[in-house]
Amino acid sequence: MVVQQKLNLILLTGRTIDQGVGKESGKGTKLYFESTTICYMDEVDMKAIGLRNNDHILVTSPEGSVVLRAVKHPRGAMPGMIYIPYGPWANSICSTDTTSIGMPSFKGTPVEVKPAPNQPILTLQELLRKEFGR
Amino acid sequence: MSKINSVTCPVCGCLCDDIELTIADGIVAQVKNGCAMCEAKFFSHSNEHRLKTPLIRKDGKLVPTTYTVAVRKSAEILAKANYPILYGWSSTDSEAQRVGVELAEEVGGVLDNTAVVCHGPSILSVQEVGIPTCTLGQIRHRADLLIYWGCNPWSAHPRHLERYTAFTDGRFENSEWMSYLNKVKAAAGRKKIKSLERKGILKHRREREIPTVSDNKPTEILDKKGRKLIVVDVRKSMTAEIADYFLQVKPGKDYELIQGIRALVRDQELDVEEVAGVPVEYLQQLVDAMISCDFGVIFFGMGLTQSPSKFRNIDVAISLIRDLNMRTKFAIMPMRGHFNVTGANTVFTWQSGYPYAVDFSLGYPRYNPGETTVVDVLLRQESDAGLVIASDPVSNFPRKAVEHLVKNPLIVIDPHMNATSLVGDIIIPSSIVGVEKEGTAYRMDHVPLPLKKVVDPPKGVLSDEEILNRILKEVRKIKSNRLEAA
Amino acid sequence: MDLLIKNGFVYDPINGINGERMDIAIRNNKIVESVIEKNSKIIDATGLTVFPGGVDIHTHIAGSEVNTGRLVRPEDHEKDFVRKTSVTRSGVGYSIPSTFTTGYRYSLMGYTTVMNPSMAALEAKHTHEELNDIPMLDKATYPLLGDWWLVLETIQKGDLEECARYVAWMLEITKGYAIKIVNPGGLESWGFGRNVHSIDDQIPNFGITPRDIMCGLAKVNKMLNLPHTIHLHTNNLGVPGNYETTLDTMKCLESIPSNGKPVVHITHLQFSSFAGEDWGSFRSGAAEIAGYINNHDHVSCDMGQIIFTDTTTMTADGPFEYTLYQLSGHKWVNSDVETETSGGIIPFHYKRKNPVNAIQWSIGLELALLIKNPWKVFMTTDHPNAGPFTAYPKILAWLASKKARMATFKRLHKKAQKKSILPSIDRELSLYDIAIVTRAGQAKALNLKEKGHLGVGADADVAIFDLNPEKVDIANKFRTFRRAFTNTAYTIKGGKILAKDGEILQQAEGKTIWLDMQTKKEIEISEEIKKKFREYWTVEYENYPVSEHYIKNSSPIKIKADV
Amino acid sequence: MIILTPIKKTQYPIIAQCISPDVFQEKTLEQINNLPIWIGNKRRILSDLFKIEKTTENSPSIIINGDVSQVRRIGWGMTQGEIVVNGNAGMHLGKKMSGGKIVVNGNAEGWAGSEMKGGLLEIKGDAGDYLGSPYRGSTIGMRKGKIVVHGNVGSDAAVHMKSGLIKIHGNSGPFMGFRMTGGVIHIQKDAGTRLGACMTGGKIVVSGVLEDMLPTFAIEFIKGKVKIELGDKAIGPFFVFLGDLAENGRGKLFISKEKNPQLSQYERFL
């Protein structure tokens, strides 16, 4: 199989139980960081761009880009989609279009995914500093 | 060491009220009956991320200050603002929310709660078509068809199934827990058989092959007696794993799927072979199961409200329930996230007439999501100050909206250090509602429940209600001084 | 400071005072024999009409259903908003005003006490939280008990004493005031999408009938010595031909010993007085109903008068709301509550040119005018079901003036005009009668001893209207009368002047009145019931009651029960 | 004639429903200067925001020279006269208007022509979301009148439309004509997704590409041309679909045959 450079996929964001426990324990906890900086992908899609579990990827949308850890979706296929748990990392690339009802497009933003083996995942503080200068 | 029973859990919209706590040395030592999130919440009161003293930003750095100063500075910011926003409210009690509405009215601000980024679209649809619904006990007693659509209670509302739906015993319906266990055993057995096959010990025992549980094709499972559990989602979630039937829908095509089902419920013929990736023939079987149940229910979540079409998805989902009530009894319910987001909607509504996105800038409540929703106000860069309470928009809003929030003076009231308090200008610590402060919360089905105070807050830390009352008093003082000066 | 209302025309039917020129003296929050004039604030009521503060026996102003009604109707609020002032909070109308606005608007019309008639016990905390935010009024609320499983089960067992103890417990822990029954048996049936269609239909899974529930609870009401009667919304409400069900209902309660006093209050009777087989042959059954009530003393009722406007219907009668949904196709809310009740909401526009609505309008007035004794029939709109309470002055004009009602009548659908007997009714209510149907009668039916009159010891709740009964014939000058009753000259509650000439002067908190039940045997909730609690409800026993924490100004009435 | 020229920029929303020929009529310049408006949560007067001039011509019309995209409710409920905006206009332009004419030589924000009952609204640029659609919770959409948009239109336009005409020279967003019961819409270029969803009456004509056809529409026949209004016919041929079947609806979609070969699979049902 020819390994591609990048893939165009649909971004879904949502809940996971680890993210839920993490947010209740505290946004500064390791659990919160680890559970919100991962990106679930379809096994076939991962192979297509030569990813193995826990490889770093760069996810880019019209709103910006973010480095995350790619993890194989544990249950069944989800071709063409990636799933990132809610959190500041996911939100840095979500579409802002509210279609005049106040709700940004947290699910369904088109994104580009490519391997980023040498790029680090930013911590919460680093991310906030990068995005808002604080 | 003391035990406290029947404690209400202040985490999600399930508001489980059977939690048993053991308190030792003024700290929660043990949590019984709760889920993982519940435990984390009750233990969090004593962890290191707790805010204990007010902070104020000086030369770009947050430095400690007093409540008096923090309250006065906050009041000055709000009293001066031309278009402040007051956002959050979903993780506090209705007592604090009441003061919040009064404060927003006093400062002529835009009052919004976290529903805007979760079930706001559901509310918009309810305002268009209504909602046939019920309390959760009604489902426990009567529902024989349970559909979770675009939601994943296993992860987001972990005890929903065990307290209210498939795995509970009601007056007229029984728990499916045993049959679920059997299924798990069968699946384990299947794995074993497969592994034996792989090892070449067993060869093709087809006659005993156990069918896989979830496939897009509805199996005879839809004809089984007792409660049936169906999950509709774009990916196989944890909940889908345990369902009797999992229907995988193409991302962003829920709208078409629901409309297709509606047409079939109305005995219409479709000119297409498949809808949203699902053959019409399968849909017909699903529709038959819906019509022939005694009491059906659809629970829905962010899978519908946040994906393309947003509130129109809910609009047609509710319309489907209206249609189904011509044939049998059916209900629908949003899976509310924060433990008291329903309370925020409820309190805002009784005081102002509107559930969220209330703009008081003209001296009376005005409501038009898209115009008066906080996310839109921020994206259009209209506000000039912000108060955030009991939520974390910097984690939950898109980046562009946060940029404007941070550009203006930002007051944050929260028990914990979170992304928003890290970037705020005045940070006011508060006690944890439902752990260190008693109050009231509304469950996802609008049932009000009392929250308990089980431990003392850190020394000197005030409640949300008290902090808001002090700010309100200070704002009134500033305004009357201003009047006198004029 | 004491307050002296001087020289007004006083109407106080409970004390038999009919328009005499009198002074009313107020000290603190009570009416007293006299006060020293020079130490008092004087209100010169010369040429004005003085009534006791208004009492509304049935108005949906708070709780889960009302608030959901508010939530689903932004378009109803958008056109009617109220700005904040230095003394009042902002808010919205129209058909379901926000809480503060509700209080202000009632107060401006001279009302001081209102009864919220529908509360699911499981959601009682919500109702009380909202009542706390309704200023200007004293309030009480009725829990829905007619389809509560423990009532159905004890009646099925034939154990009324046990039933009575449960009811007493429920009244106390929900901080309620009366037993509310809605479409008995119908709501339980609606749990599976069905309904009952006569008072002798079997209720699925319980083996009893609506008759059993109504008679059982009427007896329980006696055993508990409750101040009010059972408060009943009949079976088949809103269905053509239902006046026969209503007659059956009243007849089945004849056997309850009454001592000449009512044993049942049938609420919004207009909706239960329909004759005809279907909507096409729809006509009024008011004459038959009124005839029965004129000959029997065990029934009181209120009108549920239709107003031609866009309003919001809301009732615990889920199946009825579903019927309305099928008729209108409008947005529909259904909300069933586990083990207790159901509920529904539909926005509805009553139109003069709709023959059914027009006949309904006529039915309400026929009832109020044909029932001879004004102490038996009270003025309500079942707010907001038949129209918002702000329309009360219109109804009073129709009751007091044939000219007023004929002016509206002439604009009705022609078919409805032909079917109506209203033109043949000449009766016009006097100011004295108006005082009965808007306060004295309602207070008496509720047995609120300190309300609805101006005798010594009564609460100092007074409404003063800018109307000179010697100069204005209200039957003729109905517009003047209507205007006077739209905004009081003064509304006084608890001895404080709250409103003057259509303006709120100060915001005051009202009391919440509830029954502190004293049973002979301490109401004990057995372990068995506590266990049942977990089976029946999805909340813990301990978290179910409404603690006094939920009531800002608590005003319990001690009731000694016979069980 | 009154000429308004914006003299101040502000980040806050401005509510100025007084900008209407009905309000300006028979008022002196001073009275007009003092008409109340809101900037954020502060009460102000019209002259705080505009230089206001009155020409000798005694016609009830208003010209706004400049960008007023922050100014909401211009022409609210107007019944007569004319407003010309030489710039972009803010939300709720011409809301509830029942007569007269509004021309925007620029773009209009959301809810333009909302709950319109008559008159003409012409937008030379793009229109935002909810064009001609009702307020939240209301089922009262456009009742009468005409809206012409020369550019593109956002989402949820013509919701609950009952009567009247909407012409779009550009593209439309998703959910155009949601729950419409009557009236005519002509989209001269491409239509967004979920066109005509839940419609029960009226017609929508698409001369360009339809992004996605809802499964709940059934093909009826093919038609050569269709009437838009007196003296204006759209030339086809068009596939004619009936729906929305989920509502037992009888609304009609006319979709250009030439531009939409992907729909030819439906022809087998004819």
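Select chains A and B together and look at where they meet: 55 residues of chain B are in contact with 45 residues of chain A, two residues being in contact if their C-beta atoms, placed from the backbone, lie within 7 Å. On the side of chain B that touches chain A, the elements that give two or more residues include helix H1 (36-43), helix H4 (120-129) and helix H17 (399-407) of chain B, where helices (H or I, at least four residues) and strands (E, at least two) are DSSP runs numbered from the N terminus. H17(B) gives the largest share of that side, six residues. Coloured by class, the side of chain B that touches chain A has 29 nonpolar, 16 polar and 10 charged residues; Ala, Val, Leu, Ile, Met, Phe, Trp, Tyr, Cys and Pro count as nonpolar, Asp, Glu, Lys and Arg as charged, and the others, Gly among them, as polar. Of the five pairs of chains in contact, chains A and B share the most contacts.

This is a predicted model, in which local features need pLDDT of at least 70 and side-chain atom pairs count only at pLDDT 80 or more, while totals for chains, interfaces and linings use all residues. Residues are numbered from 1 along each chain as its sequence is written, and chains are lettered from A and ligands numbered from 1 in the order in which they are written.

Five helices and six strands make up its elements, and from the N terminus on they run β-α-α-β-α-β-β-β-α-β-α. The C-alpha atoms of chain A fill a box of roughly 45 × 35 × 30 Å along the principal axes, and 51% of its 134 residues count as buried, that is, with 20 or more other C-beta atoms within 10 Å of their own, against 12 or fewer for exposed and in between for partly exposed, the C-beta atoms being placed from the backbone.

Return to chain B and select helix H10 (residues 254-265) and helix H11 (residues 280-292), which pack at an angle of about 65 degrees with their axes 10 Å apart; axes are lines fitted to C-alpha atoms, for helices over the stretch in contact, and angles run from 0 to 180 degrees between N-to-C directions. Show the side chains there: Gly260(B), Ile261(B), Leu264(B) and Val265(B) in H10(B) meet Leu283(B), Gln284(B), Leu286(B), Val287(B) and Ile291(B) in H11(B). The residues of this contact divide into seven nonpolar, two polar and no charged.

Then centre on Ala317(B), which touches Trp149(B), Ile258(B), Ile298(B), Phe300(B), Leu304(B) and Ile332(B), not counting residues up to four places away in sequence.

The last stop is Arg136(D), found in the loop between strand S10 (120-123) and strand S11 (146-149) of chain D. With 22 C-beta neighbours inside 10 Å, Arg136(D) counts as buried. Leaving aside neighbours within four places in sequence, Arg136(D) is in contact with Leu124(B), Gln127(B), Tyr367(B), Asn368(B), Pro369(B), Pro74(C) and Glu75(C). Within chain D, Arg136(D) and Thr56(D) are 80 residues apart in sequence and 42 Å apart in space, C-alpha to C-alpha.
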